[in-house]
Amino acid sequence: MQETDEKEVIISLRGIRNEFGSHVVHADLDLDVYRGEILGVVGGSGSGKSVLLRTIAGLQIPMAGTINVLGTNVRTADEDTRVMLERRWGVMFQDGALFSSLNVRENVEVPMRPVVGLDPAIRSKLADLKVSMVGLPYLAGDKFPSELSGGMRKRAGLARALALDPELLFLDEPTAGLDPIGAAEFDKLIHGLSRSLGLTVFLVTHDLDTLHATCDRIAVLAENKVLVTGTLNDMLKVDHPWVHEYFHGPRARAATASAQAGHGGD
Amino acid sequence: MSPNPDMNVEIDETQATVRLVLRGALTIANVTELEGHLGKIGATAPVAADLSGVQRIDTAGAWAVATLRERIQAGGQQFDILGATEQVEDLLHSVANALPHPEALPVRRATLPDWIIRVGKAVSRSVQFLAALTSYLGLFLARLGRAARHPTEFRLTALVHHCEEVGLRAVPIVALMSFLIGVVLAFQGSTQLRQFGAEVFVVDLLAISILRELGILLTSIIVAGRTASAFTAAIGSMKMREEIDAMRTLGLDPAMTLFVPRILALILMLPILGLVADVMGLVGGGLMAWIDLGISPAMFVTRLIEGTDVNHVTVGMIKAPFFAVIIGVVGCHAGMQVQSNAESLGRMTSNAVVTAIFAVIVADAVFSIFFAQIGI
C-alpha cells in the first residue's frame, strides 16, 4: 500500500449507504480510486455494482455518506459546479444508451454542442475522429443505433463518453453480451485508450478476462461494502469464501491460463 | 482545475522552413481558432512545429495538429515536431493512427422512375397489409371453429379475464362519454328546434342519432383506443421477449391462446357496452330536455316509445360484433408485427389505434349505405 499513498485520489467514497425499501445495498462503504488507474469492480449479482457506479455518477442519491470526485463533493456541489464536473467524466451504459433518434455521429456530437465557439464542421470531424478511435468504420457514423450490432452500439456509446476528453470514464459491464472475440477486442480498446488518453477508468464487470486484460486494481463488493481491493495477485490470496470461489473457480483458472498464454506469446 | 490557459499560435513563413510555434492549451474550446490558423499554412514548404510551450492538449488539439501533418506530408513536404513531451507524442500518435478517412457514399438523385417505384411499393404494402389482416381474420375464425369442436383447448379463464378488462372496466368511461354526448345533442338540438316550435322532436333526434349511430360508433372508438392498444402492447411485448416463439416450441398455438380469448371477449362485450352507451345517452339527453325544454321524463319515455322504431336499436346493435372483430384483429395483428426493439412496440401500438379507429369509421359508413339501400 505504500506506493498508492503517493498517487492522487480522484474518487473518494466514505460511508456510503444505499437502500431500496428494506433492502440494504451498501452500508458504510468506503472506496478510493487513483488517477490513471483502471479499477475493476466485481461482485455477485445484486451486490450493487451498478448502483455504486450510478451513485458516483450522481444518478442515485445515497442515504448517507460523502462522495468526492475530482476534488468536488458531488452531493453538496451547486448546479454549475456539477455541470462542470459532469463534463469531466464520461459514462458508458450497458447497451450504449445511444439516443435512438440520432445517428452515431450526432450522438457523439451531443456532449460537444455546449462548447462555445466550436465550429459545427469541426465538431462533426471531431465526432468522426472519436468514432474511428473506438474502432468503428467511417460509415458507421451515418447509421442509427437500431442498425448497429450490440458490440458496435457499445463502441459508439464509448465514443460518446469520450467526446469531451474526460479525465474519468465509467463503464458499466463493457463486455456483457459480446462474443469472446468482440469482448477481447473491447478489453484491448479500453486499455489502449485509457493509456493514450491518460484516463482513469471505473469499470463494473462480471468478466474475469476483462479483469486480467485491463484492470490495474480490483475492488470486490460483498457484504454491502467494498470487501477488499488490490491487484489480481492480491485477490488470489484472500480467503473470504466468495472471493476465493470467484478467483479460484474453474472460469477464473481458465482466464488466468489464457492471460498467461497471451503474455507468453508477446 | 485552473481556467483554460490561453492559446498562442505563431507562424513564421519568411524562411525556407515554415516555423510553427504553439503555446498554451490546445483544447476543444479553442480548436476552431487553432484550425483557422493552421488552415492557412500551405503545403508548399516543409514545416517545423514547436510544441514545447504546450501546457494542455486534448484529442481536439491533437486532431488539428495531426490533420495539418497529414496535409503537409500529402503535399510531399517534411513535417517535424519539436519539443513535444512524451505524453503529447503519445496522444498525437494515437490520434494520427485513428484519423478517419471519409469514404464517400454514392449519392443518387431521385428520378421519376424512383418516384413511381416508391408509389408502387406503398400500394403493394397496403394491399399486403389488407391481405395480412384478412388472413388474421381467417386464422381467428378457424381457431374459433376448432375451439367449438374441441372445447378443452379453449381458454375459458382467459376469456373471462379479458371480458373483465375489455368490458367491465370500460363501463365508466363509456357511460360518462355517452351521457355527455346525450346532453350536448339535446342542448344543441333544442336551440335549433325551438325556432320552429318543434321542441318535442328533440326526443326523436336523440333516439335516432344515439341508438342508430353515435352510441355504438363512439363506444367503438373509445374501445379501439383503449383495447386495440392494450392488445398490441400485450402481444407485442410477448413477441419482444420471445414468449411467442417459446409458446410455439412448446406446442401452444398463439392464435388459440392469445387471439381467440381476446377477440371473443370483444365480440361479447362491445354490444353490451354499446347498450350501456345507448341508455346513458338517452338518460343524458332526457335530463337536458327536462331542464332546458321542460319535457318531463314520463313524456320523454312516451314519446320515445311511440315515435321511435325498434329497428334503430337493431341497426345499431348489428354493427357491434363487426366493429369488435375489426378492433380485435387489428390489435392482434399489430402486436405480432412488433420486432425485438422498444421503438417498434411504441410505433405498432399507435398504428393499431389509428388503424382500428379508421377501419371502424369506414365500416360504419359502409353499413350506413347498406342500410339505406335496403331501406331499414
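I looked up polar contacts first: between chain A and chain B there are five residue pairs in polar contact, both residues at pLDDT 80 or more, a polar contact being a pair of N or O atoms within 3.5 Å, where within protein one must be able to donate a hydrogen and the other to accept it, and residues adjacent in sequence count only if both atoms are side-chain atoms. I note that this is a predicted model, in which local features need pLDDT of at least 70, side-chain atom pairs count only at pLDDT 80 or more, and totals for chains, interfaces and linings use all residues. Residues are numbered from 1 along each chain as its sequence is written, chains are lettered from A in the order in which they are written, and side-chain values use heavy atoms, with hydrogens and water left out.

I then took the extent of the interface: 26 residues of chain A are in contact with 21 residues of chain B, contact meaning heavy atoms within 4.5 Å. The buried area, which is the accessible area (1.4 Å probe) lost by two parts on being put together and summed over both, is about 1,900 Å², and carbon and sulfur atoms give 71% of that. On the side of chain A, A:Ile122, A:Leu129 and A:Tyr138 lose the most area to chain B, together 27% of what that side buries.

Lastly I checked A:Phe247, which, leaving aside neighbours within four places in sequence, is in contact with residues including A:Val42, A:Leu208 and A:Met235.
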